Amino acid sequence: MKSLGSIRRDFAPWNDPNAKPYIQFDKVTKKFGDFTAVNNLSLTIFEREFFALLGASGCGKSTLLRMLAGFEEPSAGRILLDGQDLRGIPPYKRPVNMMFQSYALFPHMTVEKNIAFGLKQEGMPGPDIERRVAEMLKLVKLEQFAKRKPHQLSGGQRQRVALARSVAKRPKVLLLDEPLGALDKKLREETQFELMDLQQELGLTFVVVTHDQEEAMTMADRIAIMDKGEVMQVATPAEIYEAPTSRFVAHFVGNVNMFEGKVTERSASTTRITGATGAQIVVDNGGEATAGSDIVFAIRPEKIKVTSKKPADAVNALEGEVYDVAYLGDMTVYHIKLDDGQIVRASAMNASRVSEDPLTWNDRAWVSFRPDAGVVLAR
Amino acid sequence: MTNIAATAAPSAKTAAALPTRVVKGFVDRLVIIIPYLWLLFFFLVPFIIVFKISLSQTAISMPPYTPVLDFKDGVSGFFAGFRALNFDNYTWLTQDALYFNAYVTSLIIAGISTILTLIVGYPIAYGMARAPATIRPTLLMLVILPFWTSFLIRVYAWIGILKPEGLLNQVLLATGLISQPLVILNTYTAIFIGIVYSYLPFMVLPLYSSLEKMDYSLIEAAQDLGCPQTGAFWKITFPLSLPGVVAGCLLVFIPAVGEFVIPDLLGGSQTLMIGKTLWNEFFSNRDWPVSSAVAVILLLVLTIPIMFFQQAQAKAQEQGR
């Protein structure tokens, strides 16, 4: 038997040109009066994928989810699920279920009745309902709480009832609207892994809406970064982080340093970027950049090395002064003020207990990085 | 020795603090006592007087009943009067079918009116609760607005609307919907219209407050789980609004049972309701003891739904809703 991990490792239908899309947003636009919540958006989600819609509040991610559930109809465009156009199909006839941000548990029903609600609606025979409810209670480890009402449960337990209720009908797609938003940090981290395991176990397609990048990075196979009703980038968490395609995405996920400059030399293997003050950066992954164009070089703090002397073999090294030091235990974050005035953020893992090259406030320091450490983005 | 001094010092301190605490405790208690004093003087004492009169006999005197409990003939006279009290009036109420019929009719009319008010009031409250939050205060205001006009004038206005040559008949005749004027005034229909109209706010307000705090995502969740909108209403919205339904029904039912003005003005002379019976006993027959007995029984009849209401409220509170 294949382990769950190995299923996940080999799972990449988005790279397979023959893979059949499961959910398709085809040029979907949604307007509320003058406000355009979703703007001409196209997106493809595959079967059994754990897909995250990530964005700040008001970016249109919840609207997208609500259109999939049937609570909103697109103003233009089509939404297809497993080849079927969903237009005009009311929410109660769609083969998708949603887990609400507020959980929306029925306060006058017990846990058991809440989970059985959807099954009763589809006319499942009594004994089958009982069996399924018992199975769901076991899945979310709430067997002894079957007869309780929602107000007698903790936040985490309520979250699990909501989850059990939304998967009880075995929907084709499970929609999760900020599923962990109401939980405290520690419980949230635990639940992230539980959700992933559950998704693998049930073999369902999950579409989760979140504003928490860590949550999206942990759980999702792929993430769509959204801004102002548009998708900025769709990619795996690693690609989003290491190869953002725009300044917005680079900024939105994690910390990043941006160097503005002009491409002064462009060959197949080398791209030379010259900043306004003459500082030079050499990059071997120039991307789309053409000679003479104004670009931004984006690099993550942990890709930057901070040393007291200029490293002998460094291709890219810039000199400056230690402006701020933050010791966080597992790592130390340096803010280096370069001689041209720009402040660079660099982080170093504290792999040993005592640093060999201790740096402190106002020390002269060099920041250096490899030619493939960052990405070149359009200005 | 030092130990004793150490323990003595704090106790001296508490002794010094005691007077202010006592004063504060007294003020706190006073705040609680005031409403109880109000209830004592304006509810319990009048009730005891009414109850005492209900145990007396009617008499042509001033006041029109006997015995009068006073100390004119000393303490023994007081106790002689006390011994003369009896339950004859209550026995009388059971012997004349008029009273029993009046009670039953009142309960039935109040019951039907309450159901009608619920049927009319629920959609209003639901519409208000689902209206955009910006216009809800205006809608609430419109519900309360009729209270600014005298109740009596509003009931009189209904006579003008319902009478054979009234507004309603004129409109219906003019539009050709009917050829003969409808007889509504001086029927039970007119009483129902009057009660539903007058007590509608008492139904709408508690319903609104319970519907308004309901999370709309519950309805969406029900739909998401395969329940069409009408089903979601009966399975989710209505059960969750039950505390409001109970409160509204009792707020309408209780005063409707003893209602006097509406049956008198709209229901004509033949309607037999307990409020009218009581009025007749008191003002036409000048039989204070019997009318007091009628009032005491009415109170007992109404205590049952009130107790039911309080129990429902306690239960709702226990559920934390």
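Visitor: How many residues of chain B are in contact with chain A, and how many of chain A with chain B?

Guide: 17 residues of chain B touch 18 residues of chain A. Two residues are in contact if their C-beta atoms, placed from the backbone, lie within 7 Å. This is a predicted model: local features need pLDDT of at least 70, side-chain atom pairs count only at pLDDT 80 or more, and totals for chains, interfaces and linings use all residues. Residues are numbered from 1 along each chain as its sequence is written, and chains are lettered from A and ligands numbered from 1 in the order in which they are written.

Visitor: Which helices of chain B supply at least two residues of that side?

Guide: Helix 9 (217-224) and helix 10 (229-257) of chain B each do. Helix 9 of chain B gives the largest share, six residues. Helices (H or I, at least four residues) and strands (E, at least two) are DSSP runs, numbered from the N terminus.

Visitor: What kinds of residues are on the side of chain B that touches chain A?

Guide: Eight are nonpolar, five polar and four charged. Ala, Val, Leu, Ile, Met, Phe, Trp, Tyr, Cys and Pro count as nonpolar; Asp, Glu, Lys and Arg count as charged; the others, Gly among them, are polar.

Visitor: New topic. Where does Phe260(B) lie?

Guide: Phe260(B) is in the loop between helix 10 and helix 11 (261-266) of chain B.

Visitor: Why does Phe260(B) count as partly exposed?

Guide: Because Phe260(B) has 14 C-beta neighbours inside 10 Å. A residue is buried if 20 or more other C-beta atoms lie within 10 Å of its own, exposed if 12 or fewer, and partly exposed in between.

Visitor: What is Phe260(B) in contact with, leaving aside neighbours within four places in sequence?

Guide: Gly275(B), Lys276(B) and Trp279(B). Trp279(B) is 19 residues from Phe260(B) along the chain, and their C-alpha atoms are 7.9 Å apart.

Visitor: Which domains is chain B divided into?

Guide: Domain 1 (19-84) and domain 2 (88-318). The bounds come from an automatic or database domain assignment. The C-alpha centres of these domains of chain B lie 34 Å apart.
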